[in-house]
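Please look at the sequence and the structure before reading on.

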Amino acid sequence: MRTIQFLPAVMLFGLMACNNAGDKAATADSAKTATTDTMNMSHMADSSKMATALPDVPAGAKVYFKNLKNGQTVTSPVKVEMGIDGLKLDTAGVLVAGSGHHHLLIDAGDSIPAGLAVPKDSTHIHFGKAQSSTEVKLAPGKHTLTLQFADGIHRSYGARLATTISVTVKK
């Protein structure tokens with residue numbers, strides 16, 4: 001029993017001994033590399049897919065809200081219909097040239113930079129099953145909605161395939 005209690009202390013000491021905190025340049029470079037690596041990661045575990053170049057966006061391709069207009073007053077839940085021209089709507093998980101799926105950013109900025117994975121949280125909603133409509137509950141007040149298109153492994157096509165509107169949800 002004593003060995004089990006002693007083991008975590010030995011492991012902690014070993015980790016501290018391996019830390020090179022005295023080399024500030026190495027620490028800064030490591031932090032920079034870790035930030036860059038995190039920003040470029042996709043939601044997929046297969047590293048071979050992460051190295052693949054972002055598919056080209058055909059000229060004239062665009063995403064749009066089918067049923068909502070900038071400045072519109074709406075009631076909650078808000079029905080959101082998403083459109084895409086010039087690319088095929090497809091499910092997430094596999095890279096297919098000329099295709100991707102929608103993401104809805106709620107009060108989360110205008111777009112995700114091209115090539116970066118779209119986060120997945122309460123303000124970045126994924127539609128990886130090729131959905132083209134949804135309903136979202138929004139509190140009364142003004143909200144910014146951004147429709148962001150991404151490839152099969154959730155990498156954003158950037159501002160070229162994003163559109164942002166503001167809506168006001170009435171009480």
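## Order of the elements

Read from the N terminus, the chain runs α-α-α-β-β-β-β-β-β-β-β-β. Its secondary structure therefore comes to three helices and nine strands, where helices and strands are DSSP runs. The model is a predicted one.

## Confidence

The mean pLDDT of the chain is 79. A value of 70 or more is reached by 70% of the residues.

Residues 6-49 are a stretch to read with this in mind, as pLDDT stays under 50 there. For these residues the model has 24 contacts beyond four places in sequence.

## Contacts and surface

How many of the chain's residues are buried? The chain has 171 residues, and buried ones make up 32% of them. The accessible surface comes to about 10200 Å², and carbon and sulfur atoms account for 58% of that area.

Contacts can also be sorted by distance along the sequence. Taking those between residues at least 6 apart in sequence, 70% join residues that are at least 24 apart.

## A sheet of three strands

Three strands form an open sheet in the order E1-E3-E7, and their pairing is antiparallel. E1 and E7 stand at the edges with a single partner strand each, so one side of each has no neighbour in the sheet. On average, neighbouring strands of this sheet are turned by 25° against each other, direction ignored.

Strand E1 covers residues 62-65 and strand E3 covers residues 78-85; four bridges join this antiparallel pair. Within this pairing, Val63 has Ile84 in E3 as its bridge partner.

E3 also pairs with strand E7, residues 133-136, again antiparallel and through four bridges. Here Lys79 has Glu135 in E7 as its bridge partner, while Glu81 stands opposite Ser133 in E7.

## One salt bridge

Side chains of opposite charge can pair when their charged atoms come close. A search of the whole structure finds one salt bridge.

Which side chains meet in the salt bridge? They are those of Arg155 and Asp151, with 2.7 Å from N to O. Are these two residues buried or exposed? Both Arg155 and Asp151 are buried. Each of the two therefore has under 20% relative accessible area, the cut-off for a buried residue.

Methods
Residues numbered from 1 in each chain as written. Predicted model: local features only at pLDDT ≥ 70, side-chain atom pairs only at ≥ 80, totals over all residues. Heavy atoms only, no water. pLDDT = per-residue confidence, 0-100. Contact = heavy atoms within 4.5 Å. Helix = DSSP H or I, 4+ residues; strand = E, 2+ residues; numbered from the N terminus. Buried < 20%, exposed > 50% of the residue type's maximum accessible area, 1.4 Å probe, protein only. Areas by Shrake-Rupley, 256 points an atom, 1.4 Å probe, with all protein chains shown as cover. Salt bridge = Lys/Arg side-chain N within 4 Å of Asp/Glu carboxyl O. Pairing = 2+ DSSP bridges. Axes fitted to C-alpha atoms, helices over the stretch in contact; angles between N-to-C directions.
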